[in-house]
Amino acid sequence: MASQIRFGETSTRGTGTLSSGYTANYGNMTGSSHGWTLGGAATLTGSFHSPNFLSYNFSPYLNQSRANSNFQSISDASGLNLSVGIFAGSKFPGSITWSKAYNTDGNYAVPGLADYVTHGNSDTFGINWSENLPDAPSFSAGFQSGTSNYSVYGANDSGENSFHSLNLHSGYRWAGFNMGAYYATGASHSVIPPIVTGANLEITTDNSAYGGNLSHLLPLSGSFSTGINRSTWNSDYLGASSTGAIDTVNANASVHPTNRLSITATANYSDNLTGQIIQSVITAGGVVPGLNSNQSSNSLDLMAVGTYSPVSNLQTSGFFERRTQSFLGVDYGVKSYGGGATYTHSLFDGTINTSVNVSANSADQNGQDTIGFSATENYSNRFLGWRLNESFSYAQNVQTLLITYMNSYYNYSGNISRNFGVFNLSAGGGGSRTALSDQAGTSNSSETYNGSFGYGAMLTATGSYSKSDGQALATGAGLVGVPVPSPILPSSLVSLFGGKSYSFGMSSSPRKKLMIAATYGKATSNTVSNGIPSDNDNSQYNALIQYQVRKLNFISGYARLEQGFSITGTQPEVVSSYYMGISRWFNFF
């Protein structure tokens, strides 16, 4: 246990490691360097007066990488993390967080595949405070901000992100009514490197929202709730701006006449359906510059649902829904009704859960009828020492935000494992596919499979394989799958992607306090944006040997990254790092 040191009313504990060793860094696009380096990491925790008055946690680190520690960075990263709790034991608690990182690895996401590797600097700051007085309205406030700038290995391009947000919330209970109100505002700015689209993309967004809600209990073990909200946004994408406001009203009421029967009614109204579509894309990190949010549009959704449980392991339901929408100068409407059942039962000494739902949809505009169907099941069991789990779901013609589009999808997953004394085996897999019904070219799909083998502490081996393809938006955080067809989302904003990746790793502890580990991963992908294709490649190899003698650790490690994008017109970048040194654990105080 770590000891403590006191300075007056300040109590502090401190642990950490100090390291020193030989480091060599080299690559085909950067200059080589080598020499003796110092590094380490520490954690200082403590309080002033008492933990309920002021507590803190401070964690600095210096020159940490995959080659000399468990830190997941191919470069020597440095930084600090600080968190402070204020008045935790009072009715006015608060907290402050701050972190800063230099020369650390990051990721540019690719759905279902290994991410592209970036490196750069970042910092984040947050402050939260709340008031919780009895018999008085509660209040909480929070502010967060952050910036990052990075470059992408294998591309002479850089990107940056910045954001800030403010959130306020208040709640009060009076005469059986629960009331709440909120206000939120924020802004973000991103410069996306041209590794996908062939040109730098700049996105700026400002948004705000405020609203209130009210709820109360009803007879028959029921409840009622309602809310009103207003949100606004202003976004800019390559000089094309989008601005607008959305007002929404929702209400919900439910009763339980008996323990087996429940009835629920809901109503939702929006005065700007076009704005809701734009906001859904903005939330994903993109914009829709070609869609006019000021054009008149609205939506109304009314639904009634009844559920009944004839026996404890069976629940049945029925519903009726009426939806009307005005969008792009055309009025739409649809009536939907249907029902379903959920059933749970034992099967072959395991447990199976199933549900089936069927709906009929009748459109006002063309009188076209469609049948919607969805089914899910999952099963778990333990048979002859094997642990089995699997699940599957399928849906056809499921309602989406827009009446004119239906969604269809399937998902599956499963895993199996067993221990044979000190031996253990496991394997698993899963996949999914989603697409808009009768809309070619809107599908996103993915598959992933994994397995592992272990023999006590002597050997652990793992492997995985995945592939994915579909449509995506290029955002500041990476590619985000958004299967929305034209004219809702212009095709010029959609990037097509596809690829596969695999990885395997081994670790061993052949004797006490000796650890040997190695991993390798490779991903190949292709993207097409605005007719510009790019073939992309990423491979990483890491190895680490560590031997502990009392409080000393002898460490030797190697990390290698190769990453390239044909769209850049340059050869893939190769970065390697080697380390050999010693570290010591300290209980500072």
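User: How many aromatic pairs does a search of the whole structure find?

Analyst: The search finds 12 aromatic pairs. Rings of Phe, Tyr and Trp (its six-membered ring) pair if their centres lie within 6.5 Å. This is a predicted model: local features need pLDDT of at least 70, side-chain atom pairs count only at pLDDT 80 or more, and totals for chains, interfaces and linings use all residues. Residues are numbered from 1 along each chain as its sequence is written, and side-chain values use heavy atoms, with hydrogens and water left out.

User: What makes Phe423 and Phe453 a tilted aromatic pair?

Analyst: Their centres are 6.1 Å apart, with 40 degrees between the planes. Planes under 30 degrees apart count as stacked, over 60 as edge-to-face and the rest as tilted, so 40 degrees gives tilted. The pair links distant parts of the chain, 30 residues apart: Phe423 is in strand 22 (residues 423-436) and Phe453 in strand 23 (residues 444-455). Strands (E, at least two residues) and helices (H or I, at least four) are DSSP runs, numbered from the N terminus.

User: Why is Phe423 called partly exposed?

Analyst: Its relative accessible area is 37%. Buried means under 20%, exposed over 50%, and partly exposed in between (1.4 Å probe, protein chains only). Phe423 is therefore partly exposed. Phe453, at 29%, is partly exposed too.

User: Why is the pair of Tyr541 and Tyr558 called tilted?

Analyst: The planes of Tyr541 and Tyr558 stand at 50 degrees, so the pair is tilted; the ring centres are 6.0 Å apart. Tyr541 lies in strand 28 and Tyr558 in strand 29, so the pair ties together parts 17 residues apart in sequence. Tyr541 has a relative accessible area of 31% and is partly exposed. Tyr558 is partly exposed at 24%.

User: How do you know that strand 28 joins strand 29?

Analyst: Two strands pair if DSSP finds at least two bridges between them. Strand 28 (residues 532-549) and strand 29 (residues 552-565) are joined by 14 bridges and run antiparallel. Tyr541 stands opposite Arg560 in strand 29. In the hairpin of these strands, with two residues between them, Arg550 takes a positive phi near 55 degrees.

User: What joins strand 29 to strand 30?

Analyst: There are 12 bridges between strand 29 and strand 30 (residues 573-587), and the two run antiparallel. Gly557 has Tyr579 of strand 30 as its bridge partner.

User: How do you know that Arg584 lies over the face of Phe586?

Analyst: A charge sits over a ring if NZ of Lys or CZ of Arg is within 6 Å of the ring centre and within 35 degrees of the ring normal. Arg584 lies over the face of Phe586, at 4.5 Å from the ring centre.

User: Why does Ser231 count as buried?

Analyst: Ser231 has 13% relative accessibility, so it falls under the 20% limit for buried. Ser231 is found in strand 12 (residues 222-237). Leaving aside neighbours within four places in sequence, its contacts (heavy atoms within 4.5 Å) include Ser208, Gly244 and Gln279.

User: What makes a set of residues a nonpolar core, and how many residues has the largest?

Analyst: A nonpolar core is a set of buried Ala, Val, Leu, Ile, Met, Phe, Trp, Tyr and Cys residues joined through side-chain atoms within 4.5 Å. The largest has 17 residues; among those with the most contacts inside it are Tyr108, Ile195 and Phe565. Strand 8 (138-152), strand 11 (201-218) and strand 24 (459-475) each give two or more residues to this core. Another core, of nine residues, lies apart from it and includes Ile277 and Leu436.
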